[in-house]
Structures are given as structure tokens and as C-alpha cells.
Amino acid sequence: MITVKSKGELKLMGDAGKLLAEVLDELEEYCRAGVTTNEIDRRADRLMRQRDCTPGFLGYNGFPKSLCISVNEEVVHGIPGSRVIKDGDLVSLDCGLVFKGLWADSGRTVMVGDVSPDARKLVEVTRRSLEAGIAQATPGNRVGDISAAVQKVVEAAGFSVVRNFVGHGIGRNMHEEPQVPNFGTPGTGPLLKPGYALAIEPMVNAGSHEVEMLPDRWTIITADGRLSAYFEHTVLITEEGPVVSTAA
Ligand code: MG
Ligand code: MG
């Protein structure tokens, strides 16, 4: 069942999204060569708590940190630790928080220092694919319209969309129905209605779409070792069209 949020819930989701955008903006600034992923995680935790938000990922299915950080060939769900960020890294930050019972989930790939032109293109295309998906998140469209729009942008650039992980409905829980794949067919899937909220999150690989899990049982990497990028927004579906709650 897909939950329809009340006006009050949508307002709170908007508030949660704004706070998360502030947190991510600060983390992006902080994400520099020489910083460890643990330090970024500690800052994320503090920034969320300072805003009366609960770090949503901490303890979620046993996840040990407040932020997912995935570097270069890591796709998603990387665990912060002693790794030092280097010039030229692609650092994907994925952050979720709870504010007054409502979730916001968002993330972005940060280009640290001098990244290669190929890496920059991957990041730009991933960002554009998210924008294309969001543009389809209007009442009367279907989930497949979002999925297909993302896939089209990605594949036109010669990159591939990760199949094993998808976006999701969001609200009082991080993961609600429906699933929002980043690949699919226009006009298929659940009909979108006002009051739905979706986390749309293209994960895009420079090479093959295939991924593997590291022995830590969390970190997902590209099977071919090539780069991956990711962007995510929480999007509210309204009569007036998509509202990005986590917009910076
Ligand atoms: Mg997320
Ligand atoms: Mg998500």
C-alpha cells in the first residue's frame, strides 16, 4: 500500500528536507582531501542533532554509522572509517534523518579537487538523470515514467544504471512502497497521486551495471572496479507537480 501524506505530514517532510539540505551543504564543504570518512560521519551526526533531527541510518538494520560514504568504485552503503579522502576522489554522501517523525533521504556525489574529465561527466550525467526523473513525478504519471526518464539520460551518455538497488516511497518510514527503479518502461507501474512522497536515487556506473558486496556486508562496489556516482532527493508529489523537499 502506498501511503498518502496529510497536509501536515507534507509540511513536516518539507521541514525535514530543508534541514537535510543544510546538513549536506555543510558536509560537501567539509569533504576535502585529507579528511577521513569517519570525520565526515561525526560531523554529519552532530549537524543533524544540532537541528533536533535523529540520524536515521544509525542502527538501521544494524548500520553502524550516521552517514553512508561511498568512494570511487563504491556504489552505495559504504561505512565510514579511517579511509582518508584524496584529491580526485568521487565521494558519494547518502544521508537520512528523522524530524518530528518524518523522514528525509538525500545524497550527492562530491568531486574532491581535480577529478578526471570522465569522472566529472559521470557525476554531471547522474545529476541530470535525477532531474529528468523528478520532472516526471507528477500526478497522473506512473512510476515507470520516472524510471524511464532516468535510464534514458544515463544510457544516452554511455553509462549504466544499477539494477540491484532502487528508490522508494518515504514518509514515517525510510523505505515505503512503491519501489522506484532507475530503469523501466514509460506508462507502467503504480499511478502517482498527490500526497505521495518518493526518494528518487539514480546510482550510475561508468561501466557495467553489475555490482558486488564487500565482506563488511554493507559496501556495494562496481563489479568491474570502475567509478560510480549517485544523487538522491526526497520528492513530494503535489497537485502543482513535484516539490523537492531536500533541495539546497
Ligand atoms: Mg539515501
Ligand atoms: Mg533512499
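D52 is exposed, with a relative accessible area of 65%, where exposed means over 50% relative accessible area, buried under 20% and partly exposed in between, for a 1.4 Å probe and protein chains only. The structure is a predicted model, in which local features need pLDDT of at least 70 and side-chain atom pairs count only at pLDDT 80 or more, while totals for chains, interfaces and linings use all residues. Residues are numbered from 1 along each chain as its sequence is written, chains are lettered from A and ligands numbered from 1 in the order in which they are written, and side-chain values use heavy atoms, with hydrogens and water left out.

D52 lies in the loop between α2 and β1 (54-55), the helices (H or I, at least four residues) and strands (E, at least two) being DSSP runs numbered from the N terminus. Although D52 is not a glycine, its phi is positive, at about 60°. H77, in the loop between β3 (74-76) and β4 (90-99), likewise is not a glycine and has a positive phi of about 65°; its relative accessible area of 24% makes H77 partly exposed. A further backbone feature is the cis peptide bond that joins E177 and P178, with omega of about 0°, and P178 belongs to strand β8 (residues 176-180). Most residues other than glycine have a negative phi, and most peptide bonds are trans.

The model contains a pair of magnesium ions. The magnesium ion (ligand 1) is coordinated at 2.1 Å by D94 (OD), D105 (OD) and E232 (OE), donors being N, O and S atoms within 2.8 Å of the metal (3.2 Å for Na, K and Ca); water is not among the atoms, so sites may look incomplete. Along the sequence, the donor residues of this ion (ligand 1) follow the spacing D-x10-D-x126-E. D105 lies in strand β5 (residues 102-111), whereas E232 is in the loop between β13 (228-230) and β14 (233-238), so the pair ties together parts that are 127 residues apart in sequence. Both D105 and E232 are buried.

Two helix pairs were examined for packing. Helix α1 (residues 7-30) and helix α2 (residues 37-50) have axes that come within 10 Å and cross at roughly 155°; axes are lines fitted to C-alpha atoms, for helices over the stretch in contact, and angles run from 0 to 180 degrees between N-to-C directions. That angle makes α1 roughly antiparallel to α2, given that angles over 145 degrees count as roughly antiparallel, under 35 as roughly parallel, 65 to 115 as roughly perpendicular and the rest as oblique. The crossing of α1 and α2 is right-handed, the near helix being turned clockwise from the far one by less than a right angle. In this contact (heavy atoms within 4.5 Å), V23, E26, L27 and Y30 of α1 meet E39, I40, R43, A44, L47 and M48 of α2. The contact residues divide into 7 nonpolar, no polar and 3 charged, where Ala, Val, Leu, Ile, Met, Phe, Trp, Tyr, Cys and Pro count as nonpolar, Asp, Glu, Lys and Arg as charged, and the others, Gly among them, as polar.

Helix α3 (residues 117-135) and helix α4 (residues 143-156) pack at an angle of about 155°, with their axes 8 Å apart, which makes α3 roughly antiparallel to α4. The crossing of α3 and α4 is right-handed, and the contact involves V125, R128, S129, A132 and G133 of α3 together with I146, A149, V150, V153 and V154 of α4. By class, the residues of the contact of α3 with α4 comprise 7 nonpolar, 2 polar and 1 charged.

P139 is situated in the loop between α3 and α4 and counts as partly exposed, at 29% relative accessibility. When residues up to four places away in sequence are not counted, P139 touches L192, P194, I237, T238 and E239. The C-alpha atoms of P139 and L191 are separated by 7.6 Å, although the two residues are 52 residues apart along the chain.
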